[in-house]
Amino acid sequence: MNRPIRWRPAALLVITLLTGGVARGEAASEGDQQAWNEAVQRGLQFVREQGEDWIEMKGCASCHQVPSMLWSLHEGQRRGLFDEPQQLNEWSDWAFAWDNWDQSESPADQTEAAAKNVETISSLILGAGTSMSASQRQQFRELLVATQLEDGAWSANGQLPMQKRSAQESSEVTTMWAFIALAADDQPSAEVVASQRKAYD
């Protein structure tokens, strides 16, 4: 326990490897394939341990720690490199619970909490796999639509505005994540289509 929480780059690397960002090539040798699998499995184990520590120490779904863990592990499970479906579903259910999104003394309602966690919602929509039901996905997309600003953007919240980048850049990154999450719907509602057009314009 008490491992340093310096793992976002590791989580993003694992996601990139699993989603095809690094091509292995159809002609890869058996040895190369085994080495690739072992490297990814080590990464998944590291991300899993760090995510567990974050949940235990912070008790907060956060904007990237828990969603990145879930995204990595769901991709690993889909490809046969992670095999703890019950535990993964438990973590996912925990991350979907609104009382784990707001650490204030007066918990916000869902729309209020969603407005402060656009990045969390976007990452969960994209990476929560089969743990997120169709109704939950629809609810999350409706909350993204409800929290969109009049100018078509979404606000960056949490620690994001404190990063060494302009407020505009932070907002643009958050908006792009929301746009991608909405675009992942195969049969978008009229409201989702209108929201995407508003963001695009």
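The dialogue below takes up the overall fold, aromatic pairs, salt bridges and helix packing.

Q: What kind of model is this, and how many helices and strands does the chain have?

A: This is a predicted model. The chain has 9 helices and 0 strands, so that its elements, read from the N terminus, run α-α-α-α-α-α-α-α-α.

Q: What share of the residues in the chain is buried?

A: A residue counts as buried when its relative accessible area is under 20%. Of the 201 residues in this chain, 42% are buried.

Q: How is a pair of aromatic rings described?

A: Two quantities describe a pair of aromatic rings: the distance of the centres and the angle of the planes. Planes over 60 degrees apart count as edge-to-face. The present structure holds 3 aromatic pairs. One of them is formed by Trp71 and Trp177, with 6.1 Å centre to centre and 75 degrees between the planes, which is an edge-to-face arrangement.

Q: Which parts of the chain does the pair of Trp71 and Trp177 tie together?

A: Trp71 belongs to helix H3 (residues 65-78) and Trp177 to helix H8 (residues 167-183), so this pair ties together parts that are 106 residues apart in sequence.

Q: What is the geometry of the pair formed by Phe96 and Phe140?

A: Phe96 and Phe140 are also edge-to-face, with 6.1 Å between the centres and 85 degrees between the planes. Phe96 lies in helix H4 (residues 85-96) and Phe140 in helix H7 (residues 134-146), so the parts tied together here are 44 residues apart in sequence. Phe96 is buried, with a relative accessibility of 6%, and Phe140 is buried at 1%.

Q: Which residues form one aromatic cluster with Phe96?

A: A residue that takes part in pairing may belong to a wider group. In this model, Phe96, Trp98 and Phe140 form one aromatic cluster.

Q: Helix H7 has been mentioned for Phe140. What can be said of Leu143?

A: Leu143 also lies in helix H7, and its relative accessibility of 8% makes it buried. Sequence separation and spatial distance are read side by side. Leu143 and Ala114 are 29 residues apart in sequence, with their C-alpha atoms 6.4 Å apart in space.

Q: Where does Lys58 lie relative to Trp54?

A: For a charge over a ring, one asks how far it is from the ring centre and whether it lies over the face. Lys58 lies over the face of Trp54, 5.5 Å from the ring centre.

Q: How many salt bridges are there?

A: A salt bridge is assigned when a side-chain nitrogen of Lys or Arg is within 4 Å of a carboxyl oxygen of Asp or Glu. The count by this rule is 5 salt bridges. Among them is the bridge between Arg48 and Glu52, whose closest N and O atoms are 3.1 Å apart. Both residues lie in helix H2 (residues 30-58), at a spacing of 4 residues, about one turn of the helix. Arg48 is buried at 12% relative accessibility, while Glu52 is partly exposed at 28%.

Q: Which residues form salt bridges with Glu75?

A: Glu75 forms a salt bridge with Arg78, the closest N and O atoms being 2.9 Å apart, and another with Arg79 at 3.7 Å, N to O. Arg78 and Glu75 both lie in helix H3, 3 residues apart, about one turn of the helix. The accessibilities are 12% for Glu75, which is buried, 58% for Arg78, which is exposed, and 34% for Arg79, which is partly exposed. Elsewhere, salt bridges that share partners join Arg48, Glu52 and Glu84 into one network.

Q: How do the axes of H3 and H4 cross?

A: A helix crossing is read from the approach of the axes, their angle and the handedness. The axes of H3 and H4 come within 11 Å and cross at roughly 150 degrees. Angles over 145 degrees count as roughly antiparallel, so H3 is roughly antiparallel to H4. Their crossing is left-handed.

Conventions. Residues are numbered from 1 along each chain as its sequence is written. This is a predicted model: local features need pLDDT of at least 70, side-chain atom pairs count only at pLDDT 80 or more; totals for chains, interfaces and linings use all residues. Side-chain values use heavy atoms; hydrogens and water are left out. Rings of Phe, Tyr and Trp (its six-membered ring) pair if their centres lie within 6.5 Å; planes under 30 degrees apart count as stacked, over 60 as edge-to-face and the rest as tilted. Helices (H or I, at least four residues) and strands (E, at least two) are DSSP runs, numbered from the N terminus. Buried means under 20% relative accessible area, exposed over 50%, partly exposed in between (1.4 Å probe, protein chains only). A charge sits over a ring if NZ of Lys or CZ of Arg is within 6 Å of the ring centre and within 35 degrees of the ring normal. Axes are lines fitted to C-alpha atoms, for helices over the stretch in contact, and angles run from 0 to 180 degrees between N-to-C directions. Angles under 35 degrees count as roughly parallel, over 145 as roughly antiparallel, 65 to 115 as roughly perpendicular and the rest as oblique. A crossing is left-handed if the near helix is turned anticlockwise from the far one by less than a right angle, and right-handed if clockwise.
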